[in-house]
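User: I am new to this structure and would like to learn how to read it. Could you walk me through some features one by one?

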Amino acid sequence: MNTGNLLPAVAAVAVLALLLGAALGWIASILRSNPGALVERIDALLPQTQCGRCLYPGCRPYAQAIAAGEADIDRCPPGGETTVRALATLLDRPPRPLNPRYGVTLPPRVAVIDEARCIGCTRCLPACPVDAIVGASRSMHTVIAPQCTGCELCLPPCPVDCIAMVPISAPAVAAVGNARFASETA
Amino acid sequence: MRGGLRLDGHKSRPLEQPVIVAAPPRTAVVALDQGSGEDARPLVTPGATVRVGTRVAAGRGGSADLHSPVSGVLREITVLPTPQGTGRCLVIDADGRDELDPGIAPFDWQALEGAALIERLDAGGIAGLGGAAFPAAAKLATGREAGVDRLLLNGAECEPWICCDDALMRERAGDVVLGARVMLAACGAARATIAVEDDKPQAIAALEAAVAVCGDDRVEVLALPAVFPLGAEGPLIAAVTGREVPHDGLPPQVGVVCQNVGTAAAVARLVRDGMPCIARVVTVTGSGVRRPANIEARIGTPITELVAACDGYTDAPSPRHLIAGGSLTGRALATDAAGLTKGLNCVLVATADDLPPRGPEMPCIRCGDCATACPAGLLPQQLHRAARSDDADGLARFGLADCIECGCCDYVCPSAIPLTARFRAARARHRQHEEQRRRATEARARYDRHQQRIGAEAERERQAFEDARRRARDGAERSEPRSDASSGPDRD
């Protein structure tokens with residue numbers, strides 16, 4: 001058994017491995033999408049409620065945390081299972097159930113101010129992450145319903161508890177079904 | 001034509017007698033959405049006095065103008081049942097005098113052309129009476145801009161049970177031909193083809209006689225085989241002209257404007273009598289009514305009154321289904337209180353004899369019958385699989401957008417899968433999803449602006465604080481220069 005004959009082969013394989021490894025590393029560094037783009041793509045999947053239930057101050061910060069590997073994908077109750085699944089697909093991770101620590105998924109709701117009880121303290125105005133509340137000091141406030149994301153961040157600052165969350169009535173499209181299958185859609 | 005079905009028409013009973021002209025309703029319930037999916041904007045307030053033909057609501061793009069079908073007083077504008085579900089309606093109490101609006105007068109259409117004529121048709125509230133209730137003037141205007149060469153009048157009426165267009169063509173062929181000539185002048189096409197299925201020989205004969213009388217050789221009558229759903233816009237255009245409308249396009253792109261024959265008759269009434277579109281012929285049929293008939297009724301006539309004109313419901317104890325439209329593409333009506341709309345061509349009062357109950361749904365066995373029957377050339381079994389798993393990409397890839405919801409696939413399905421209902425639901429979900437996405441984009445933009453503003457405010461406050469501190473320090477330095485100077489050497 002002549003081990004001397006093996007040496008050139010081992011050397012060749014080692015050199016090859018080094019070269020290929022370097023090439024792979026180089027390609028990986030080129031192909032690594034810049035972190036900003038990844039944040040954008042994650043942010044696009046989040047529901048933009050800006051509710052902070054994930055314990056980040058908004059959807060984009062949460063997206064940044066996911067992109068940086070600091071947070072898991074199961075922290076968005078408003079997005080629910082759909083969002084978790086979409087995130088899992090995007091990031092090529094196994095989907096997982098929503099973490100109940102961060103809340104449960106509810107049907108979409110909007111804030112409604114009981115205008116008779118509102119004292120016009122303006123404390124809810126800066127709390128709204130999407131500026132969907134209009135009002136001025138000692139004047140009645142109101143929520144612009146189409147722009148309210150239902151984040152509930154205006155509830156804690158209100159000193160008179162005059163804000164309530166009401167469910168959005170689902171669009172009536174599904175109410176009318178094919179006549180032949182009245183039993184199925186009725 | 002691709003796919004399709006040959007079906008039993010069930011059309012003979014209403015055609016045994018001429019069209020019944022129903023009395024004007026005591027209370028007209030005029031839906032602001034006449035079937036096109038968009039509300040017209042009301043122009044009158046409760047308490048206003050209206051007459052027959054008074055403009056009561058203005059169209060906005062996807063909806064045509066609305067005119068009062070009766071003379072009387074507008075009671076209220078409120079949400080009531082409509083053939084599409086529920087929607088805002090004008091409730092007009094008739095005074096029984098049936099006075100015409102003073103503005104109603106015939107006009108000389110031959111003196112007008114193109115845009116001017118289209119404007120008059122628009123003001124007449126002419127909407128597609130085939131079912132879509134889309135403003136006819138808008139369609140003609142796009143056709144004119146695109147320079148179409150063919151006006152296609154749809155008298156195919158392929159769906160079982162519906163025969164209002166058949167009755168109209170038999171009795172008012174002259175109106176249809178006059179309407180065709182007016183619309184030719186409006187859209188600038190060279191030729192008008194009235195397409196009728198060959199199971200309506202009387203209608204074809206009447207139309208040919210009317211064409212001969214008017215002597216306009218630009219109008220022709222074409223008999224087509226009676227196959228469902230040949231009366232749908234896409235398949236009809238393909239069958240008559242051999243051109244296929246692109247899946248994301250409109251008929252004018254292939255040089256065709258398509259209008260219903262009922263719409264043509266409404267145009268004829270407008271130019272001849274000046275009467276805007278306030279009435280239509282509707283089929284009331286099925287084993288659930290005593291005397292099925294075609295009825296010419298004012299828009300807004302409650303369906304109860306239409307049924308009463310057919311001698312009422314039968315006493316059959318079997319459950320009745322009230323359906324707006326035919327048995328394949330119709331939609332269930334929750335109540336017979338809804339008012340007649342421009343888009344409602346048939347009220348089918350079906351009993352269990354008419355619509356045999358479906359067996360229980362069974363798994364797809366991949367027989368492919370649905371794909372053979374599909375007139376749009378889709379693969380319903382694949383669409384169904386995507387719809388079940390709520391796979392938006394799959395639905396888009398297999399062409400959900402091109403489904404015309406004709407119901408051929410679930411008619412032939414041996415496993416009794418309610419495919420069309422699933423596709424409708426999937427479409428509704430898709431719309432909801434799009435809406436959510438639109439709202440999310442808006443919320444993101446607003447959140448970004450909010451953050452920017454908060455940041456800018458904090459920055460301003462910090463600046464102000466810094467400025468104040470600097471001013472305070474400068475002020476202190478200026479007010480005690482001497483002590484500073486004297487203290488300096490001391491420290492040394």
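Analyst: Below we go through the chains, a core, some helices and strands, and a few backbone details. This is a predicted model, where local features need pLDDT of at least 70 and side-chain atom pairs count only at pLDDT 80 or more, while totals for chains, interfaces and linings use all residues. Residues are numbered from 1 along each chain as its sequence is written, and chains are lettered from A and ligands numbered from 1 in the order in which they are written.

User: Let's start with chain A. How many helices and strands does the secondary structure of chain A have?

Analyst: Helices (H or I, at least four residues) and strands (E, at least two) are DSSP runs, numbered from the N terminus. Chain A has 6 helices and 4 strands, and from the N terminus on they follow the order α-α-α-α-β-α-β-β-β-α.

User: Into which domains is chain A divided?

Analyst: Domain bounds come from an automatic or database domain assignment. Chain A is split into domain 1 (35-102) and domain 2 (109-167). Their centres, taken over C-alpha atoms, are 26 Å apart. Two residues are in contact if their C-beta atoms, placed from the backbone, lie within 7 Å; between these domains of chain A, 6 residues from domain 1 and 7 residues from domain 2 take part in the contact.

User: What does "buried" mean, and how much of chain A is buried?

Analyst: A residue is buried if 20 or more other C-beta atoms lie within 10 Å of its own, exposed if 12 or fewer, and partly exposed in between, with C-beta atoms placed from the backbone. In chain A, buried residues make up 26% of the 186 residues.

User: Which residues are buried in helix H3 of chain A?

Analyst: In H3(A), residues 59-67, the buried ones are Cys59(A), Arg60(A), Tyr62(A), Ala63(A), Ile66(A) and Ala67(A). Down the helix axis they fall within an arc of 160°, so they line one face of H3(A); the arc is that of the directions from the helix axis to the C-beta atoms. Just after H3(A) comes Gly69(A), with a positive phi of about 80°.

User: Leu55(A) is not a glycine; what phi does Leu55(A) have?

Analyst: Leu55(A) has a positive phi of about 75°. Leu55(A) sits in the loop between helix H2 (35-45) and H3 of chain A, and is exposed, with 12 other C-beta atoms within 10 Å. In chain B, Ala133(B) also is not a glycine and has a positive phi, of about 55°. Ala133(B), however, counts as buried, with 26 C-beta neighbours inside 10 Å.

User: How do I read a core, and which residues touch the most other members of the largest nonpolar core?

Analyst: A nonpolar core is a set of buried Ala, Val, Leu, Ile, Met, Phe, Trp, Tyr and Cys residues joined through C-beta atoms within 7 Å. The largest nonpolar core has 136 residues, and Val176(B), Ala180(B), Ile194(B), Leu207(B) and Val282(B) touch the most other members. Helix H4 (residues 173-187) of chain B gives the most to this core, 10 residues. Domain 1 (14-20 + 100-282) and domain 2 (358-477) of chain B both give residues to this core, so it lies between them. Apart from it lies another core of 16 residues, including Cys51(A) and Cys128(A).

User: Now the strands. In what order do the 4 strands of the open sheet in chain B run?

Analyst: Two strands pair if DSSP finds at least two bridges between them. The open sheet has the order E2-E8-E7-E4 (chain B), with antiparallel pairing. Strand E2 (27-31) and strand E4 (49-50) of chain B are at the edges with a single partner strand each, so one side of each is left without a neighbour in the sheet. Strands E7 (residues 72-82) and E8 (residues 85-94) of chain B are joined by 10 bridges, and Pro81(B) stands opposite Thr86(B).

User: Is strand E14 of chain B mostly covered or mostly open?

Analyst: Strand E14 (residues 293-298) of chain B is mostly covered, with 5 of its 6 residues buried. E14(B) pairs with strand E1 (residues 20-21) of chain B in the parallel sense over 2 bridges, and with strand E13 (residues 279-285) of chain B in the antiparallel sense over 6 bridges.

User: Which peptide bond in chain B is cis?

Analyst: The bond from Phe228(B) to Pro229(B) is cis, with omega near -5°. Pro229(B) lies in the loop between strand E11 (219-224) and H6 of chain B.
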